[in-house]
Structures are given as structure tokens and as C-alpha cells.
Amino acid sequence: MNNIAAFKDLESHSVGLMGAEATKAYKGDPYEKVFNSFYVGILFYADNDFENALAAFKNGILCDSDVESNLYKSDVTLLYLMASRLQSLQKNQSMADDYFKQAQEAFYLSYPDNRPLVSQEQALLDDLVKKQKTLSEKESLYKNEPATQGSASKVKKMTVQEEKEINALKADIPKLEADIKVLVDKIQENNRKIAITSLKDFVNLNNNTLLCIETGRAPFKYQIGNYGEKAVFTIKPYQATGFNVTIDNFTKIQIGSFLKNNDVYYQASTRGGRVMDSILKGKADFKKTTADVSGMLSTMSQVYNPYGVFSLLSFATGAVSNATNPYADARHWSLLPAEIQVVPMRLNPGKHQLQIDAYDSTGKMIESYKTEIEITDSPNNVIFKR
């Protein structure tokens, strides 16, 4: 995903005005890199290669920071928890505590009760930054120009309209700051009610087994806009939302022990703000403009000179418009699940009977799965069930 030499030529082609984004070398969106790093890290972890496992989880954390909106950076709880667990296994307790603290922050940030509040806060923060920048630019126009030898300093005179605009910005900024504080207070109030028992269970090394249950299918990416210049995600509905886990026919895992809300759709839908989006918008605008110009020239050629310069210009402009391809890349990693739920467990080495009962949102059982698992005496057993 990161180090293929052939990417260079294809990427340079993708940013050209002509040509579709679909011709670019596809490295994966940030959310796909995040989950790719998680799976690679889990494979190393299960294979006792803790150094490479930690490197993979760190890479995922770095990929997760590749977003425009600051509040959504590094909010994948799973990566921090795995990093914390690995640091504990390697007796680096100080680093383990640091990663656990970041895991807790990520868990709060992406918790369902907080998601709409975080979205509102990010929108207000974006508006605040924009208005602060505009105010600074406008005020800089009316600062005293430095005096030169033989002349006094000059002040550019402000029009009534410009003064109104500056005063409006000065009034809006404190209101935005107050609204942001209200949202921050609500989020902090929610945080005090959110239980973190599942996080503590996850990093507890006495729990030597991680059961990872994958549910649903990956979000689907498709194109919208007049020319398909925007890519958006939609979720595919799936039945299994709740689970009961039974070990050896008598040990039942409580629902509260599940680490939930590791959903791929949320990560995909909050990874926006790619630089490519603005390029594609520019392509769409260019395509529309050239198409309009071509149509206008075609009309003029029919009226004034059917076989003259207007006709040639219309043909050339239309050809340029047709060659301009602003379509967004709708490719996506379709094999990802919709969500990963993790159950940390303590199991004695040896063979065990595992039963997973899946339920829909109404509490009706839709599937019961039984299998035999082999647990080693290591602290890093991993079991996956989709």
C-alpha cells in the first residue's frame, strides 16, 4: 500500500487536468490503511513478533492522522489498546500507560453518544478558524502604513460596508467560541458516564485471549455530483448486532465485556478533506465551463459563420470538455467488515469449546456458531470469527 515504485508515474498522471482519478495508483484511503495496519499488527502479535506488531499499530495511528479535521485524528481505539498491551508485554509500563490514556481519549471521542456533538464542534471550529482568518486579513488592510522620510504615516480609509463586515466578524467570533465551549462541556459530561471497563479488560495481560468478532460488510463508496466528482459512503445493513459467548458450555461472557464501536463506516465517513477532492471539483468546474463555451460558440457559428472560426473553436472546446474527466475514485476495500467487536478472555491452555450466539436488534437469535479452539500458554492468543 505504501512502497510500490510504479505508483510514481500513475500519481503524476492523476493530477493532470485530463484523465480520471480512477487511473491513479490506489494506495487506499486513510481508514483502509488504518485497518490494514490493524490486521497486519494482529498477525505479527499472534506470531510473537512484538516489535513488528508495534510498528504496524504505530503506522496505523499515523495513517489515522491523515485527515483535515483535527477532532477526527487518531480516534481508532483498537490501535492504541494494542500498542498499550504490547508495551506492557515488553515491560514498558510508562509507555503502556501513555497509550492507554490515548486509547481512552479515542474511545470517548468516537463513542456513539459523542459523535453528533464532535461533528458539531468540528463544524464550529472550522467556521471559527475561517472567520478569524478573514478578520485578520481585513484588519491588516487598515493598519497604519509606516512613515517614510519626509512624510507622515498613512491610514487607508474604511468604507461603511467594510466596517460593517469587520464588526459582524468581531461579533460572530465570541459567539462561536461560546457555542464551542457548550459542546465541549456536553462531551465532558458524557465522558463521565461512559464505562471504560472493556478498555481495562483489553490491556489486562491476565486475559490471554482476544476473540475478534467481525460483523457486517464494509461501507460502499459511490460517486455523486453533476460529473461524479465526489465520493461518498453508505452503509450496508446487517442483522447481527449483539452476541453471547459461551466457553465449554458453562462460562458465559457478559455483554459489557465486549469492546464495541470499532465501526469501519464511522472511520470512513470522517476521513474526508482529501486534497484530491479540490482537484476534482476544479475539473468538474472546468468541464462545465468548457461545455458551456462550446455550446455558445456552436450557436454563434450557426448564426454568423457555419464553417468559420467559431465552428472550429466550438469543436476544439467541446473536445477539451469531453476529455476532462473529473470522476472521483469509487474503489474501496470491500472485504472489510462493518465493525469489529473484541472480547478479552482468560482461558487455560488446551482445547476449549467456543459458542457464539448472534442476535439482531430485536433480540432474536439469528445464528449459533460452535467450534473447538486451541489455546497456547502465551498471552497473545487471537481468534477471529466473521
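Trainee: I'm starting with Asn-208. Where does Asn-208 sit?
Mentor: Asn-208 is in the loop between α8 (197-203) and β1 (209-215). Keep in mind that this is a predicted model.

Trainee: Is Asn-208 buried or exposed?
Mentor: Asn-208 counts as buried, because its relative accessibility is 10% and the cut-off for buried is under 20%.

Trainee: What does the side chain of Asn-208 make a polar contact with?
Mentor: One partner is the side chain of Thr-209, at 3.2 Å.

Trainee: Switching to helices. How do α4 and α5 pack?
Mentor: Helix α4 covers residues 77-89 and helix α5 covers residues 93-109. They pack at an angle of about 165°, and their axes are 8 Å apart. That angle makes α4 roughly antiparallel to α5, because angles over 145 degrees count that way.

Trainee: What is the handedness of the α4 and α5 crossing?
Mentor: The crossing of α4 and α5 is left-handed.

Trainee: Which residues of α4 and α5 meet?
Mentor: On the α4 side they are Thr-77, Tyr-80, Leu-81, Ala-83, Ser-84, Gln-87 and Ser-88. The α5 residues they meet include Met-95, Tyr-99, Phe-100, Ala-103 and Phe-107.

Trainee: What about α6 and α7, what angle do they pack at?
Mentor: Helix α6 (residues 115-140) and helix α7 (residues 160-191) pack at about 155°, with axes 9 Å apart. The two are therefore roughly antiparallel to each other. The crossing of α6 and α7 is left-handed.

Trainee: I clicked on Lys-181. Which helix is Lys-181 found in?
Mentor: Lys-181 belongs to helix α7. With 51% relative accessibility, Lys-181 counts as exposed, because exposed means over 50%.

Trainee: How far apart are Lys-181 and Glu-121?
Mentor: In sequence, Lys-181 and Glu-121 are 60 residues apart. In space, their C-alpha atoms are 8.9 Å apart.

Trainee: Now backbone angles. What is the phi of Asn-48?
Mentor: Asn-48 has a positive phi of about 65°, although it is not a glycine. Asn-48 lies in the loop between α2 (30-46) and α3 (50-64). At 48% relative accessibility, Asn-48 counts as partly exposed.

Trainee: And Asp-248, what is its phi near?
Mentor: Phi of Asp-248 is near 55°, again a positive value in a residue other than glycine. Asp-248 is placed in the loop between β4 (242-247) and β5 (251-253).

Trainee: Why does Asp-248 count as partly exposed?
Mentor: Because its relative accessible area is 24%, which falls between the cut-offs of under 20% for buried and over 50% for exposed.

Trainee: Last topic, cysteines. How many disulfides are there?
Mentor: The count is zero. The rule asks for a pair of cysteine sulfur atoms within 2.5 Å.

Trainee: Are Cys-63 and Cys-212 buried or exposed?
Mentor: Cys-63 counts as buried, because its relative accessibility is 11%. Cys-212 counts as buried too, at 1% relative accessibility.

Key:
Residues are numbered from 1 along each chain as its sequence is written. This is a predicted model: local features need pLDDT of at least 70, side-chain atom pairs count only at pLDDT 80 or more; totals for chains, interfaces and linings use all residues. Side-chain values use heavy atoms; hydrogens and water are left out. Buried means under 20% relative accessible area, exposed over 50%, partly exposed in between (1.4 Å probe, protein chains only). Helices (H or I, at least four residues) and strands (E, at least two) are DSSP runs, numbered from the N terminus. A polar contact is a pair of N or O atoms within 3.5 Å; within protein, one must be able to donate a hydrogen and the other to accept it, and residues adjacent in sequence count only if both atoms are side-chain atoms. Axes are lines fitted to C-alpha atoms, for helices over the stretch in contact, and angles run from 0 to 180 degrees between N-to-C directions. Angles under 35 degrees count as roughly parallel, over 145 as roughly antiparallel, 65 to 115 as roughly perpendicular and the rest as oblique. A crossing is left-handed if the near helix is turned anticlockwise from the far one by less than a right angle, and right-handed if clockwise. Contact means heavy atoms within 4.5 Å.
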